[in-house]
Amino acid sequence: MAIFKRWVRLIALVAGGVALVTLLVAWSEVRGEQRALQHEVQRRAEVLADRLRVVLEAALRQGSTRQLPEIVEQLGDRERLVGLAVYDAQGAPLAMSSTLTDTLNRGRATTIRCGSRDGACGEFIMSGVRRLYAYSAPLRGEGEAAGVLTTFHDASAISARTAQVWRSAVSNVVPQVLLIVLVAGLVVESTILRPIGKIAGWMKELRIGGATPLPGGMHGGFLRTISSEVAGLAHSLAAARVAAEGEARLRDARDSLWTPERLRVAMRDRLHGSRLFVVSNREPHEHVRRGRGLEAIVPASGVVTALEPVLCACDGTWIGHGSGNADREVADARSCIRVPPALPRYTLRRVWLTKAEEDGYYFGFANEGLWPLCHIAYTRPLFRAADWAHYQRVNDKFAQAVLEEMADADEPFLLIQDYHLALLPRLIKEQRPDARVAMFWHIPWPNPEAFGICPWQQELLDGLLGADLIGFHIQAHCDNFLETIDRSLECRVEWERFAVTRRHHSTIVRPHPISVGLTDLPDRSGSMLAPPQDPATTRRALGVNEGFFGVGVDRVDYTKGIVERFRAIERFLEKHVQYRERFTFLQVGAPSRIQIPRYQDLLVEVEAEANRINRRFQTERWQPILLVKRQHSHEEIALLYKAADLCLVTSLHDGMNLVAKEFVSCRDDENGVLILSQFAGASRELRDALLINPYDIEQMADTLRIALEMPAEDRRARMRRMRHTVRTRNVYRWAADLISELAEVRPERVEVGVAP
């Protein structure tokens with residue numbers, strides 16, 4: 001009933017508005033028509049008066065005033081002329097048309113006199129119920145005014161025409177209003193009232209505990225903005241409800257599982273009011289222009305997943321490279337913006353790099369030098385002096401941005417991420433010795449002999465040792481780092497507590513294996529509110545209607561062993577012919593760093609190898625390898641993980657490789673087999689995966705057969721144990737452990753430049 005009343009009120013307002021606009025338009029037309037008719041009457045009066053003046057002035061000059069009535073009577077017989085009158089110079093009537101006399105006798109007539117002796121003038125007057133236009137013009141005798149001629153024209157047609165226009169306007173208003181009311185009612189009902197009713201019903205269902213998807217058609221159209229906000233609110237409600245239920249289960253089971261909520265509470269306690277800063281090459285939110293609109297994108301990154309809850313909890317600041325093509329458009333004068341866009345909780349400070357700086361620092365020194373140096377994948381690192389100069393310059397830029405953001409913070413916490421910013425810890429510590437600085441190195445650290453290739457190893461190591469805490473994924477990388485330090489720098493290495501002292505500053509080195517989030521919490525997109533897709537549907541969409549299905553998800557990088565993976569599949573099909581047309585492998589390969597020639601060559605090599613193997617084995621309805629070369633969303637990848645019988649992770653060398661943990665995290669059915677490289681950091685934790693040497697093609701081929709023929713009970717037992725590991729050692733625990741250990745560091749005031 002309330003909705004109906006609002007509907008009626010809205011329609012009444014629309015109808016009233018339409019009627020008012022129509023009447024205003026009609027009034028304007030009436031005024032215009034009236035002015036046009038009046039102008040026409042005035043013009044005719046002036047023309048006629050000019051003609052009559054010639055005759056009447058001649059009669060007055062001859063002194064024949066007795067003939068004036070006859071002349072006036074003759075001249076007054078004209079269409080729409082009621083009559084005319086002639087007055088002497090004193091205003092006494094000399095002659096007047098009989099028709100005019102009759103008209104004036106019906107009521108009081110008003111005549112006019114012009115203010116100027118030489119001028120003519122006119123006005124509209126009323127004679128009884130009749131409207132007339134009286135026009136007076138002077139008559140001249142022998143050089144002086146002899147009298148006045150006044151003509152009276154019928155102006156009643158103006159009123160008649162005006163009334164006709166009003167009747168026409170009013171007669172048009174009624175059907176227009178009725179039609180508009182009908183159309184507006186249908187539009188309002190279909191685009192506003194009905195969708196609002198659906199959203200209201202959906203929100204009621206959600207409020208009482210339902211988790212139904214947003215009604216169809218609500219994601220676009222007239223209510224696109226409000227439906228987006230409602231979906232975000234529902235997502236937050238669902239997340240809060242799931243978190244509350246999870247916390248209740250944990251309390252009941254006395255479990256110590258880390259969740260985003262627990263992380264937020266713990267960080268408030270650990271920070272003791274200090275501000276938290278995160279700096280990385282990658283930004284957590286980038287803005288890109290799509291057509292005429294702007295879109296905010298969250299890059300696929302475990303670091304973003306881990307650290308964003310912490311920053312949201314304490315209103316921290318993230319400093320990152322502004323790489324989106326619309327980043328500058330949304331940033332303020334300080335290059336800052338509040339994020340996430342839907343519910344701003346912390347500050348993102350963007351650092352702007354020129355193309356030359358990005359090419360030299362990121363693509364050059366970081367990814368053509370340090371990346372192959374740290375990954376033992378037999379790609380020669382390239383070290384160029386120009387790239388090193390850009391690397392130093394960009395680290396200085398980041399340092400300046402960090403120091404500006406820290407200016408008003410006492411004893412701040414700083415988390416520096418990865419090999420792009422190896423010089424930053426020292427640059428910050430020299431200016432802010434009170435800051436607690438942690439550096440997390442996300443890629444492997446090689447042995448001392450391998451790292452010794454770098455011409456600027458001492459500068460890099462000295463930069464890293466500005467940190468209070470340096471974290472790696474596994475203990476072996478910590479050992480390699482300390483050995484490298486011991487051989488390369490003047491310092492004291494304390495193996496008992498895994499620490500280095502240089503310049504009277506102590507740096508501790510610890511393994512902190514990064515992980516992924518929880519599968520039973522909704523993600524950023526609110527996918528928990530969307531209906532789950534059956535794995536069989538995912539397979540059919542890929543053209544895999546029967547048999548076994550394997551998946552690999554990687555950036556196209558030479559460290560991921562994609563070519564070796566394909567050759568193992570080829571060997572598997574050679575040795576086990578019974579799996580031909582029964583096994584399909586999907587490789588999701590997102591192109592990466594294509595500005596670097598080695599990556600361009602690798603992309604061509606991967607595609608060529610897939611085509612070669614397919615040509616060898618494919619039939620009319622089957623091919624063994626499906627290669628998809630594009631970036632996929634978290635939701636798309638999760639569907640692939642759930643639909644696969646096995647996941648291949650064949651890294652030649654990897655710090656962790658979160659694909660392995662993501663696959664395990666997504667398998668809530670406790671099914672599927674993980675084939676994992678022994679050279680990936682994840683192999684230290686996921687002991688129930690089938691571990692392989694990615695350089696051993698025969699072993700990988702045999703392991704594929706073992707995975708496909710593994711008994712269901714064995715598969716589930718292995719997956720259950722791996723899921724327990726990933727669940728208890730999740731990304732929130734990683735962030736908590738890292739910041740908790742950093743919080744134990746006592747800030748020092750050190751003297752810069754003093755030798756150890």
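Helices (H or I, at least four residues) and strands (E, at least two) are DSSP runs, numbered from the N terminus. Residues are numbered from 1 along each chain as its sequence is written. The model is predicted, so local features need pLDDT of at least 70 and side-chain atom pairs count only at pLDDT 80 or more, while totals for chains, interfaces and linings use all residues; side-chain values use heavy atoms, with hydrogens and water left out.

**Exercise 1. Take aspartate 315 and asparagine 657: what is phi in each, and is each buried, partly exposed or exposed?**

Step 1: Phi of aspartate 315 is near 55 degrees, a positive value in a residue other than glycine. Asparagine 657, not a glycine either, has a positive phi of about 70 degrees.
Step 2: Aspartate 315 sits in the loop between α7 (302-314) and β9 (317-321), and asparagine 657 in the loop between β21 (646-649) and α19 (658-666).
Step 3: Apply the cut-offs: buried means under 20% relative accessible area, exposed over 50%, and partly exposed in between (1.4 Å probe, protein chains only). Aspartate 315 has 40%, so this residue is partly exposed; asparagine 657 has 7%, so this one is buried.

**Exercise 2. Work out the surroundings of valine 516: which residues does valine 516 touch?**

Step 1: Start in the loop between β17 (505-511) and α15 (535-541), which holds valine 516.
Step 2: Read the relative accessible area of valine 516, which is 8%, so the residue is buried.
Step 3: List the contacts (heavy atoms within 4.5 Å). Not counting residues up to four places away in sequence, valine 516 touches Leu658, Lys661, Glu662, Ser665, Val726, Asn730 and Val731.
Step 4: Compare sequence and space for one partner. Valine 726 is 210 residues apart from valine 516 along the chain, and their C-alpha atoms are separated by 7.4 Å.

**Exercise 3. Explain why helix α13 (residues 457-464) is described as largely enclosed by the rest of the structure.**

Step 1: Pick out the buried residues of α13: Gln457, Leu460, Leu461, Asp462, Gly463 and Leu464.
Step 2: Because 6 of the 8 residues are buried, α13 is largely enclosed by the rest of the structure.
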